[in-house]
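Student: I have a new structure to read. Where do I begin?
Tutor: Take a look, then ask away.

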Amino acid sequence: MIINLLPVGKISSELIEEIANFIQERIPVDVKIKDKLILGVKMDETRGQYNAIHILKILLNFFEPDKLLGVCDVDIFVPGMNFVFGVVNGIGGEVGIVSITRLRQEFYGLPEDLEIFKSRVRKEVLHELGHLIGLSHCPDPSCVMHFSNSLMDTDYKKDELCDICNEKMKQILKYLY
Ligand SMILES: [Zn+2]
Ligand SMILES: [Zn+2]
């Protein structure tokens with residue numbers, strides 16, 4: 001399986017490369033970094049956010065992905081939720097998007113902390129990729145596949161799959177791809 005990593009809009013190429021290396025440490029797949037995509041999606045003016053479903057539709061139309069994960073630095077939502085850190089078009093789906101905007105301490109008026117920020121990015125990316133590969137949410141709060149309702153949940157989890165999820169992932173990769 002190839003995981004295509006797509007910088008959407010303004011994202012540092014250094015961060016994208018760090019993410020790509022991290023994915024390869026955690027999942028036995030090839031990661032390809034795609035050329036940056038500038039999205040023609042309009043901001044929802046009343047919310048000051050972008051609709052993640054519209055972004056996913058564009059990603060689906062633009063690419064014939066094995067698996068495609070976009071990383072953006074704008075605030076995103078799905079209808080019915082105030083915001084999302086990331087979303088995929090389904091468990092075992094083709095495309096996903098992660099927003100790094102709410103992963104920075106500065107977003108909450110706190111001093112910048114690059115280590116915390118990068119650790120959150122790693123967890124959110126691995127979480128959404130886990131979904132794309134076919135993993136559902138995990139009841140273990142320290143597992144990266146545990147659902148994050150808030151950053152407290154995200155900060156509590158490790159940037160890795162628990163043994164059970166890791167075994168599931170290996171089985172899926174072995175038999176489905
Ligand atoms: Zn999830
Ligand atoms: Zn787990």
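**Reading burial, contacts and helix packing**

Tutor: Val 71 counts as buried, because 23 C-beta neighbours lie inside 10 Å. The label "buried" needs 20 or more other C-beta atoms within 10 Å of the residue's own, "exposed" means 12 or fewer, and "partly exposed" lies in between, with C-beta atoms placed from the backbone. This is a predicted model: local features need pLDDT of at least 70, side-chain atom pairs count only at pLDDT 80 or more, and totals for chains, interfaces and linings use all residues. Residues are numbered from 1 along each chain as its sequence is written, while chains are lettered from A and ligands numbered from 1 in the order in which they are written.

Student: Where does Val 71 lie, and which residues does Val 71 touch?
Tutor: Two residues are in contact if their C-beta atoms, placed from the backbone, lie within 7 Å. Val 71 lies in strand β4, residues 67-72. Leaving out residues up to four places away in sequence, Val 71 touches Leu 5, Pro 7, Val 8, Ile 11, Ile 16, Ile 19, Val 98 and Ile 100.

Student: How many helices and strands are there?
Tutor: Helices (H or I, at least four residues) and strands (E, at least two) are DSSP runs, numbered from the N terminus. The protein has 5 helices and 7 strands. Along the sequence they follow β-α-β-β-α-β-β-β-β-α-α-α.

Student: Is Leu 6 buried or exposed?
Tutor: Leu 6 is buried, because 24 other C-beta atoms lie within 10 Å. Leu 6 sits in strand β1, residues 2-8. Beyond four places in sequence, Leu 6 touches Lys 34, Leu 37, Leu 68, Leu 69 and Gly 70.

Student: How do I describe two packed helices?
Tutor: Use the angle between their axes and the distance between the axes. Axes are lines fitted to C-alpha atoms, for helices over the stretch in contact, and angles run from 0 to 180 degrees between N-to-C directions. Here the axes of α1 (residues 13-26) and α3 (residues 114-133) come within 10 Å and cross at roughly 55 degrees. That makes α1 oblique to α3. Under 35 degrees is roughly parallel, over 145 roughly antiparallel, 65 to 115 roughly perpendicular, and the rest oblique.

Student: Which residues meet there?
Tutor: Glu 18, Ile 19, Phe 22, Ile 23 and Arg 26 in α1 meet Lys 118, Val 121, Arg 122, Val 125, Leu 126 and Leu 129 in α3.

Student: How much of the protein is buried?
Tutor: Buried residues make up 32% of the 177 residues.
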